[in-house]
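Subject: Structure handover

Hello,

Here is the structure for your files. My notes follow below it.

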Amino acid sequence: MQGCVVAFLRILIADDHETVRRGLRNLLSLRPEWEICGEAVDGHDAVQKVKELKPRVAVLDISMPQLNGLEATRLIRKEVPETEVLIVSQHVSPAVVAAAMNAGARGYVVKADVPRDFLAAVEAVSQCRSAFSSSVADYPANLFLHADDPSRNLILPASAADTELDSIGGSGHSALVGVRDRLIFQQSPQPMWVCDASTLQFLDVNEAAIRNYGYSRQEFVGMTIKNIHPGEDVPRLEQALSEAHLAGVYSGQWRHRTKNGSFIDVEVTSHQQDFVGKQIWFSVANDITDRKRAEAACLMLAAIVDSSDDAIISKDLNGVITSWNISAQRIFGYDAAEAIGRNIRIIIPPELRDEEPKILQRLRAGERIGHYETTRVTKQGKRVKVSLTISPIKDSDGRVIGASKIARDITERLQIESALRDSENRLRLAQAAANIGTWEWDPVRNVGSLSDDLHRMFGTDSTDQRHPQTWISHVHPEDLPKVQAKMEETRGSDVMEFEYRYQHPERGLRWFYCKGRRFSDGNNDRSMFGVLLDVTERKQLEQELRAAHDELEKRVQERTAELAESNRALEAQIRARTQAQEALERQTGTLREHSQLLDLANDAIFIRSFDGTVSYWNDGAERLYGWTKEEAREKRLGMLLQTKFPTPFEKIKEALVRDGNWEGELVHTRKDGSRVTVASRWTLWRDQDGRPLGWLQINTDISGRRRAEESLRHLSARLLQLQDDERRRIARELHDSAGQILVALDINLSLIEKNAENHSPKTVNAINESLGLVQQLSKELRTISHLLHPPLLDEAGLRSAVQWYVDGFAKRSKIPVDLELASDLGRLPRELETTIFRIVQECLTNIHRHSGSATANIRISRNSDGVAVEIRDRGKGMSNNNSRNSSGPVTPGVGIQGMRERVRQLGGHLKIRSGSGGTTVSAILPVAIASAQSATGAAD
């Protein structure tokens, strides 16, 4: 605190109410060694005058026009750091106090406490000490630490200077300085704890530690630091803390065990301090589990890349090489130092370099190029065939920043494939010859060989040297000359093909099909290679087919005679049907007359089948939609009207078939493209057997009624907005006018009280009683103002406003409320924050007045699209009549219908579930629509 003690003070006062400034001036005049160097009427004025006048202390209100006190504090602390800021405000919320300290204020005094605590607070702030009035001195002390105080995240025991001040100022001064022996900043997002330096037993932990490790505060206090370390790490922990004892500071990385048995990686920073004569370690833990996993994944990926047999290369969008693995060096000859930083063209042959711009263009478009075969050149000039797979590399925002290329040397594979292609013909023929006989014969030398299957088909023995003569002896005598002639022709040709009969010694007469061709292996080998197929079954089928053909011819002739007789009977039936058709036409004429009556109806009437076709379309449908009867019959109804159903069409059709009718509202498209809303009534149409064929549909235009309802909803929304604006105006008037006058009156009465020795005891009692009445009236006025429209909602946001209202409701109603607010709720658009606050306000009011519930639960969560609100009680529930029509009391809520209208205006959904077990009100509110409406409202 050395260098902060100031005997003579220059003070600036900033408040938009003259009466408050006058009262503060009167109080400061009690200290003649202090000087009021200037006054400001709003935030901008305050910042400008602080820059010009350089006061030691700036006294700022929060609720000021142009620029509020919180923003002004931030600017003053940034641009004139030697000026300390003391906030003097009507707000008593811990969230607002914390916001003021985070903005850089050194102290905070509630206006109701100004007569008693203001002067002491100014003095403390001028000496760089935190100061708080009695109304907020009992709040958690670490909320009140100054924003640039390096000990915000540390334990702050009472200093010797503070102890001395306590002895001088007494309990009142102690309340201004703050709560002594400050513990851990509970709102820090990082786990923190305090432990005994000798026993390592936990003394206290913050909420983040409880949340991250899963232990309760009582469980933590019953453990030591060793209990959250694996057993094998405990000796190293003891040695590390022992070595850090002299320095008093330690930082290291550890694995910690959570309550569920899982482990997390943390980076722990610990400071040793003396606290009430005891040595303690204060520790802050940073969860680095994700970072450790990312590092391990990177090392694994690097090992995979280096161990790959394929060349793995990365490049930027200009083709410059950024990475080069070992296989790339093996395939292309360049080591990593030679390749990285050079263009990829060093391995592309000159005639293929126009490929690279095309590849880069496709990569910029995010396209992946897979299994692209091409040629590349090595450092030694050797050309290699490669198969390329190229994938775009994207940054965290999805932008393509480079490419990863995998190149596989396929030179050897292509050589193998070429060799395999040479044998494909022989292999294909072998596959076609599966389960048939094969043979090879040299016509020149008249020698050959038969497969075992062929010997079996011939009934010969491969070991019998006379099997050729045996084969000839079994060839059918009529076919033997043909067979010999074909074999003789083969001596001068390259192919052989013929069929013949063969007498098998056991299987009898067989039909064989023989086919072969000549191959040359480069050694002047003119051998024939071929196959022999047993086609006996095919020949038998051909004979059976000829017999069947003859039988069919016979039956056709018989059937022709039968058809001639049938034709004569058919002609008689046609005459009868002609007569029936004439009767039907007469009935149609009657129906046409009836349909003309339907054309007079104003409603659209048509008949539709289940396949979508229209069989009837009256004039009312033509007038409503603009489509003529001919146009309606040419198109399917779904394409024509582009119907927007309230529920899926299949479900409507199921209800129609089940119940025989359906009613609902539909939105159709006219011929001119305009939309029309209709009340539609469907009646099922069945055939004589009861099978559903389609339905009769009658549509009544209700667009005008819908427009009237929409206008009514807009009017209702406007009324709600006017109601909110009026509440905000009245609340502001109470706060800015009556409230500030009461503050000034309180200050004046306090000044009169300080000169009590000049007054009679009766006068002194009257003054004291007046002071009490003023303070009570100020408190009640502030409560009424906040209930109408809490300033917290505009200045600190929804979180602080809801927390303040719920705390006040619980105190007033004696109904405990379980409040769960999303940690990432943040600031929302003004209209959205107002709607959520009014929903909470209305629901809690209804719970108190009507439900009989002993408890209430509120949950407000947020995701990327919007905010979800759920308020639940355990009361008697709502009656059916109430759930449909209840509007609730006018004050302070807006009723169920008001809630529905507010939610609907923001594009959200409100759902109320009520039963004997209680009532749950759920609202889903999108942020995007609320942002747009808030922007429009601001522009208006």
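**Helix packing**

L24, L27 and L28 in α1 meet V114, P115, F118, L119 and V122 in α5, where contact means heavy atoms within 4.5 Å. By class, this contact of α1 with α5 has eight nonpolar, no polar and no charged residues. The classes count Ala, Val, Leu, Ile, Met, Phe, Trp, Tyr, Cys and Pro as nonpolar, Asp, Glu, Lys and Arg as charged, and the others, Gly among them, as polar.

Before the rest, two remarks on the source. This is a predicted model, with residues numbered from 1 along each chain as its sequence is written. Local features need pLDDT of at least 70, side-chain atom pairs count only at pLDDT 80 or more, totals for chains, interfaces and linings use all residues, and side-chain values use heavy atoms, with hydrogens and water left out.

Two packed helices are described by the angle between their axes and the distance between the axes. Helix α1 covers residues 18-28 and helix α5 covers residues 114-126; they pack at an angle of about 60°, with their axes 10 Å apart. Axes here are lines fitted to C-alpha atoms, for helices over the stretch in contact, and angles run from 0 to 180 degrees between N-to-C directions. The crossing of α1 and α5 is right-handed. A crossing is right-handed if the near helix is turned clockwise from the far one by less than a right angle, and left-handed if anticlockwise.

Helix α3 (residues 69-79) takes part in two further pairs, with α2 and with α4. For helix α2 (residues 43-53) and α3, the axes come within 9 Å and cross at roughly 15°. The two are therefore roughly parallel to each other; angles under 35 degrees count as roughly parallel, over 145 as roughly antiparallel, 65 to 115 as roughly perpendicular and the rest as oblique. α2 passes α3 in a right-handed crossing. On the α2 side the contact residues are G43, V47, V50 and K51, and on the α3 side they are A72, L75, I76 and E79. These residues divide into five nonpolar, one polar and two charged.

The axes of α3 and helix α4 (residues 94-103) come within 8 Å and cross at roughly 20°. α3 and α4 are therefore roughly parallel to each other, and their crossing is right-handed. From α3, L70, T73, R74 and R77 meet A99, A100 and A103 in α4. By class, that contact has four nonpolar, one polar and two charged residues.

**Overall counts**

The protein has 31 helices and 31 strands. Helices (H or I, at least four residues) and strands (E, at least two) are DSSP runs, numbered from the N terminus. Of the 940 residues, 42% count as buried. Buried means under 20% relative accessible area, exposed over 50%, and partly exposed in between (1.4 Å probe, protein chains only). Among contacts in the protein with a separation of 6 or more, residues 24 or more positions apart account for 55%.

**Cysteines**

How many disulfides does the structure hold? It holds zero, a disulfide being a pair of cysteine sulfur atoms within 2.5 Å. C195 counts as buried because its relative accessibility is 2%. C843 counts as buried as well, at 6% relative accessibility.

**Positive phi**

Most residues other than glycine have a negative phi. L200 has a phi near 65°, a positive value in a residue other than glycine. L200 sits in the loop between β7 (192-196) and β8 (202-205) and is buried, with a relative accessible area of 7%. Q642 also has a positive phi, near 50°. Q642 lies in the loop between α22 (637-641) and α23 (649-659). Is Q642 buried or partly exposed? Q642 is partly exposed, because its relative accessible area is 46%.

E831 is placed in helix α28 (residues 830-851) and counts as partly exposed, at 23% relative accessibility.

K911 lies in strand β30 (residues 909-915). Not counting residues up to four places away in sequence, K911 touches T920, V921 and S922. K911 and I924 are 13 residues apart along the chain, and their C-alpha atoms are separated by 8.8 Å.

Regards
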